[in-house]
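Please examine the sequence and the model below. The paragraphs that follow lead from the protein as a whole to a single residue.

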Amino acid sequence: MKRTPISVWAALAVLTAVTAAAAFAPWLVPGATDQDLMTGITGPGPGHPLGTDDLGRDVLDLLIAGARTAVPGAFAVAAGSMLIGNLIGLAAGYFGGWADTLAMRWADLMFSLPALLVAIVVAGVLGGGYGLAIAVLVVLFAPTDTRVVRGAVLEQRHRPYIEAAVLKNLSAWRIMTRHIWPNIASVALANAFLNFAYALVSLSSLSFLGLGVAAGSPDWGRTLADNRTQLLANPWAVIAPGLAVIATAAALNIVGDWLHERVDRRGRAR
């Protein structure tokens, strides 16, 4: 049995810590947004390992609390785009014809648009907001899942096990969901992890621009934006949330690739 690489263990540790922070932030740092204007911005020291921002808020507390918006939002984008993209991709690859043509033209249209720029424009026109940002990114990310799944389905479509299922008069829905999808799950799963990472970065970017979470909310992108002018006073107020986004996105990519290899290897073994 192939041993799990150290990089994967490190990535899993990062994701575990981030998930725990997102789940238990209200109990771990209940006063993350409490301001102390008398303290103001300070560097790392006793009681404040990463210092405080210009409002006297503890940077480490904001970092932990920020996972509560960064992670669930990115997960919602990845899950939503995976659901929509997988359904459309399965239908396009299995049925072909007009269904395939419509799905691919829609995907081509969406791919021709710069996703983050479109999200910025839509959020700006409609007034921004965290829920709106998630909805827009789901629509923009779904074509990626559609194209990936459709290509995988085309590879499976004419294999003997599919032809046998058709001869048994199984419904198209059952063939797609019970027979084809399990054999392309590794591809769909790996793409979902990539979308998770991209969504994390995109949502943080929108929050940085003031089009995501509300002002004053604990969020990695928002914290970075609020303290970018205070880089010299306390660099960690900017570095910490930036590193959190980078480390989490990298960990998602590493784990996604590892899971793809494991699921794909087991599928070939069957």
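Predicted model: local features only at pLDDT ≥ 70, side-chain atom pairs only at ≥ 80, totals over all residues.

Of the 270 residues of the protein, 42% count as buried.

The secondary structure is helical: the protein holds 9 helices and 0 strands. Read from the N terminus, its elements accordingly follow the order α-α-α-α-α-α-α-α-α. The C-alpha trace extends over about 75 × 50 × 30 Å along the principal axes of the protein.

Contacts show how the chain is brought together. Where the contacting residues are at least 6 apart in sequence, 73% of the contacts in the protein join residues at least 24 apart.

The surface may be considered next. The accessible surface of the protein amounts to about 13,800 Å², and carbon and sulfur atoms account for 67% of that area. With regard to charge, the protein carries 19 positive and 16 negative side chains. The centres of these two sets are separated by 16 Å.

One residue illustrates the local detail. Leu102 belongs to helix α3, which covers residues 97-111. Is Leu102 buried or exposed? Its relative accessibility is 56%, and a residue counts as exposed when this value is over 50%; Leu102 is therefore classed as exposed.

The position of Leu102 can also be related to that of Ala192. In sequence, Leu102 and Ala192 are 90 residues apart, while in space their C-alpha atoms lie 23 Å apart.

How values were computed. Residues numbered from 1 in each chain as written. Heavy atoms only, no water. Helix = DSSP H or I, 4+ residues; strand = E, 2+ residues; numbered from the N terminus. Buried < 20%, exposed > 50% of the residue type's maximum accessible area, 1.4 Å probe, protein only. Contact = heavy atoms within 4.5 Å. Areas by Shrake-Rupley, 256 points an atom, 1.4 Å probe, with all protein chains shown as cover. Lys, Arg positive; Asp, Glu negative; His and termini not counted. Charge placed at Lys NZ, Arg CZ, Asp CG, Glu CD.
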